[in-house]
Amino acid sequence: MDVRQFTLREAGQGKWSPASSDSEVSLPARIFPQRRRWLLASCGVTAGLALTVGLAVVQPWALSQHRSPTTAASDAPSELEEAAKKESVASEEKRIEKHIKGVERDMEKILVSKIKKDVKKEVETDVKKDAANQENAKTLTKVTKEVEADIDKDVAKDVDKDLEKAFGHDIKKDLEAALNAHIPKGAQVVEKKDDDKGNSSKIVAAIHGCCTWNGPCDSSNAFCNVNEGKCKGCGGHWKTNTTPRDFGGWDKAWCAKGKMDSWALPSMPAYKPASRKSLTVKILDWNLAWYAVYTKKGGEGGQQGKWLASSGPYDIMGFQECQNPWRVLGDGGLSDTYHAYQGGGAKDSEAICVLYKKDTWEELGHGEKKVAEDRPGKWSYFGKRLVVWFRLRHKATKETVMFVNHHGPLPLGSGGICGGHATAYNILEVMQNNSKTGDAIILVGDFNAGADSLTVNQLSSTLTRCFSGYKFNGIDHLFTNFDAKRMVNSANLGGHGSDHDALTISVKLGPQE
């Protein structure tokens with residue numbers, strides 16, 4: 001800032017002329033009123049100081065030049081004296097100018113320092129005001145929520161009183177009576193605990209769900225036992241947010257009829273080794289995504305069949321969305337290696353295939369049955385869903401495998417129109433009716449249901465879930481009727497054009513080490 005450019009007249013008019021030098025400090029064109037007054041005063045002091053210094057220097061020189069006419073002639077200086085005086089005056093002017101510049105620099109520093117202090121002070125004041133306002137807002141919000149909560153409680157109490165007065169009795173008792181009809185016979189009741197002040201133990205059980213378990217407890221009573229303590233002791237899975245008669249489905253649908261009247265799930269026969277020799281069986285589970293890979297893309301050069309040939313051999317394979325298993329085998333040059341069966345017809349939702357090695361296994365029987373149906377909806381209904389099963393015997397060891405393949409109903413995790421319990425019930429019933437004592441049971445498929453679904457939890461209460469994929473939050477699964485310790489290998493092998501990953505496990509049958 002150049003103080004010399006800020007004159008008293010300009011100060012009176014509120015004007016400001018910025019310095020032209022880049023090294024000098026530039027200030028905003030608009031200054032707060034208190035700062036303008038301070039600057040005017042500062043500039044006035046500067047101008048007065050400069051005038052005083054000038055008078056102090058010029059006055060002696062002017063007096064030295066003033067002489068009377070009578071002495072002027074006699075005292076006329078020589079040329080040398082005149083030159084010396086001029087040099088002295090010039091030197092004094094330079095000294096005064098230097099002094100003035102020093103004063104200007106000092107005043108400039110004082111002004112800048114003062115302005116910075118004022119700005120800092122104002123900023124700190126604004127920050128403190130903002131912080132205080134925010135704190136006040138938080139306090140107001142907290143108080144408002146507390147008041148609203150108190151109001152809600154008071155309203156709820158008033159409503160309960162009004163209802164009781166209007167009906168003349170406790171409505172909760174009516175609710176309990178209605179729910180009692182839906183508690184299954186033989187189900188154990190939780191000890192009375194008034195979590196909701198007045199609800200009986202049966203209401204708590206009906207609203208908060210029931211238990212399924214496997215392990216050391218009786219599997220015939222594994223479904224919907226409402227004793228929480230026993231549920232934990234049996235390593236069970238507690239079903240929350242359900243009522244015993246609902247479970248996500250419609251109990252009048254064709255695939256649910258009679259299933260809700262029998263609360264016990266079908267039991268599975270235990271596996272018993274048929275040979276003293278151990279046998280490793282390699283299984284593959286894969287949704288081929290036929291429409292995307294073959295209908296739309298023409299099979300992508302037979303990549304799935306070629307990959308199958310390079311990654312195998314497999315003993316038994318289960319494919320979903322499989323409209324032509326012989327094409328897949330042909331693409332990989334495997335037509336003479338495997339026997340293939342397609343169940344369900346041409347629709348992707350029903351096209352399920354089972355393939356096994358001809359030279360190693362022989363068929364003892366096979367079949368298929370519809371077990372579920374999609375719920376209505378533009379993007380969820382594709383038809384009824386089925387299972388395809390094969391009983392196969394190993395030619396060398398005589399070990400028998402009951403192999404079951406399933407493609408589950410939509411929407412995801414729903415269990416379809418009949419719900420997860422009925423879907424699981426129907427799958428287990430097919431295996432119970434067609435297997436023999438001692439069979440090694442292996443269930444694979446795209447269940448359209450994740451690990452936390454009722455379908456998978458119900459199956460897990462009777463079977464062992466050995467391995468699962470992770471596509472679509474893990475809806476592809478492999479189950480067995482024997483301990484997971486018999487599984488010697490498992491792997492996710494990728495999609496190879498499909499939106500599902502191929503999953504494989506290897507299990508060891510025969511004597512267990």
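## Disulfide Cys322–Cys353

Both Cys322 and Cys353 are buried. This is a predicted model. In it, the two residues form a disulfide, with the sulfur atoms of Cys322 and Cys353 2.3 Å apart. The torsion about their S-S bond is about -95°, so the Cys322–Cys353 disulfide is left-handed.

Where do the two ends lie? Cys322 is in the loop between strand 4 (316-320) and helix 10 (325-331). Cys353 belongs to strand 6 (residues 352-357). The pair therefore ties together parts that are 31 residues apart in sequence.

## Disulfide Cys255–Cys418

How many disulfides does a search of the whole structure find? It finds 2. Besides Cys322–Cys353, a disulfide joins Cys255 to Cys418, with an S to S distance of 1.6 Å. Here the torsion about the S-S bond is about 85°, so the disulfide of Cys255 and Cys418 is right-handed.

Cys255 sits in the loop between strand 2 (237-238) and strand 3. Cys418 sits in the loop between strand 9 (400-407) and helix 11 (419-434). The link therefore ties together parts that are 163 residues apart in sequence.

Are Cys255 and Cys418 buried or exposed? Buried means under 20% relative accessible area. Cys255 has 1%, so Cys255 is buried. Cys418 also counts as buried, at 1% relative accessibility.

## Another buried cysteine

Cys466 has a relative accessible area of 12%. That value is under 20%, so Cys466 counts as buried.

## Aromatic pairs

A search of the whole structure finds 7 aromatic pairs. One of them is formed by Trp286 and Trp307, whose ring centres are 5.1 Å apart. Their planes stand at 70°. Planes over 60 degrees apart count as edge-to-face, so the Trp286–Trp307 pair is edge-to-face.

Which elements does this pair connect? Trp286 lies in strand 3 (residues 279-287), and Trp307 in helix 9 (residues 303-311). The pair therefore ties together parts that are 21 residues apart in sequence. Trp286 and Trp307 are both buried. Ring pairs also bring in Phe319, linking Trp286, Trp307 and Phe319 into a cluster.

## A charge over a ring

What sits over the ring of Trp254? The charged end of Lys384 does. It lies 4.7 Å from the centre of the Trp254 ring.

Technical notes:
Residues are numbered from 1 along each chain as its sequence is written. This is a predicted model: local features need pLDDT of at least 70, side-chain atom pairs count only at pLDDT 80 or more; totals for chains, interfaces and linings use all residues. Side-chain values use heavy atoms; hydrogens and water are left out. Rings of Phe, Tyr and Trp (its six-membered ring) pair if their centres lie within 6.5 Å; planes under 30 degrees apart count as stacked, over 60 as edge-to-face and the rest as tilted. Helices (H or I, at least four residues) and strands (E, at least two) are DSSP runs, numbered from the N terminus. Buried means under 20% relative accessible area, exposed over 50%, partly exposed in between (1.4 Å probe, protein chains only). A charge sits over a ring if NZ of Lys or CZ of Arg is within 6 Å of the ring centre and within 35 degrees of the ring normal. A disulfide is a pair of cysteine sulfur atoms within 2.5 Å.
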